[in-house]
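Please read them with the coordinates open.

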Amino acid sequence: DRVGLGANSVYLEAALKNRFLFDSLLKEEMRSAADILYVWDQESFFYVKNRWTPICYNLLDQAPEEALRSGTAGDHIYLFDLKRIDPEKYKAIVFMNVNKMSDADKELIMSRIAKNGRTLIWNYMPAYTNGEINSFGFTSAITGFSITPFECGDKTPEITIGGTEIKYRMDGPVSPMAVITDPEAETLGTLSGTNQVIMAKKKMAEYTSIYSTLPIHTSDLYRSIFREAGCHIYSETNEFTYANNKLIMIHSKEGGKRSIHLRNGKIAELDLPPLSNW
C-alpha cells in the first residue's frame, strides 16, 4: 500500500533498510548454519490408510511446527537424497515420517549417518514397512530399541515426560502402536498413568538413539533434546528460527524483548514488533 508506506515513515525507513541489506547480500555466498537435519519421505504416503488418523496431524503438521519453533536452525531433506548430504555438519538428525525404508536406506543410515557421536531421533514407526512386509521388527532394528506391539483400543494416548511438566495427547486412538520394552534404555516418557515406556534414549557405540513410539510434541521438548545433542540454541521463546552464515531470521507473533544467543558467544538484545519477520 503506497499510501500507507508514505504516511508512515517508520515502515518506509524499514523497507528501505531491508532493500539496502538484501541488495548488499545478493551476490554473497549463502550457506546454511543448521546443525539439525529433518528427514522426510514421500513414498511412505503410499503405505498409510487413505483416511484421516491422528498421525496425519500429530506427525505431519503439528510436530514439525513445534520443532521449528525450538529456537534452533534445521535443514530439511527427503530420504532419497540422504546419500547426497555431508552428515558431519549435523549434530542431530530427526527421522520424521520415514515409515517405509528399503534395505539400502537402512544400510546407508547405519554406515554413514549413525556415527561420530551424532544423535538420531526417531518419530513413531520408522521402517515399519519395506513395501512388501509390515514388521515391528524392522522398526526395532533401525532404532536399536526392543519394542512390543500395544493396543490402545478406543483410548486416546497421553504422554508424560519424566522430570518435567510436559504432557501431550494425541488427537485420537493410534494404530499401529508400540511401547519400548528395552532394559538397556533410559526412559524419557511414559503413557500417562502407566509405566509403559513411550520415549527413551540409548547410547550406542558411535551415536545416541532417541525413539518415541508416538510423535514427539512441544517446542520445549524438542529444544531439550537438541540442547543435549549439542545443537546451538538461538532463542528460548518458541518462535520460528532459521540461520545461515550471514543472517538469522526470527518470525514473532507476539513480539517483545528477545535475547538471541549468537554462535560467537555474544547476545543480541532485541525488541521485536508483533507479527514480524526480523
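1. The model is a predicted one, and I begin with its open sheet of three strands, whose order is 12-13-16 and whose pairing is antiparallel. Strand 12 (240-243) and strand 16 (276-277) stand at the edges with a single partner strand each, so one side of either strand has no neighbour in the sheet. Strand 13 (residues 248-252) is joined to strand 16 by two bridges in the antiparallel sense, and His251 has Asn277 of strand 16 as its bridge partner.

2. Strand 4 (residues 118-123) deserves a separate look, since six of its six residues are buried. In a regular strand the side chains alternate between the two faces of the sheet. Here both faces are covered, with Arg118, Leu120 and Trp122 buried on one side and Thr119, Ile121 and Asn123 buried on the other.

3. As for its partners, strand 4 pairs in the parallel sense with strand 3 (residues 92-95) over four bridges, where Val94 stands opposite Ile121. The chain passes from strand 3 through helix 4 (residues 103-113) to strand 4 in a right-handed β-α-β crossover. Strand 4 is also joined by six bridges to strand 11 (residues 207-212), again running parallel, and Leu120 stands opposite Ser209 there.

Notes: Residues numbered from 1 in each chain as written. Predicted model: local features only at pLDDT ≥ 70, side-chain atom pairs only at ≥ 80, totals over all residues. Heavy atoms only, no water. Pairing = 2+ DSSP bridges. Buried < 20%, exposed > 50% of the residue type's maximum accessible area, 1.4 Å probe, protein only. Right-handed = clockwise from strand over helix to strand, strands pointing away.
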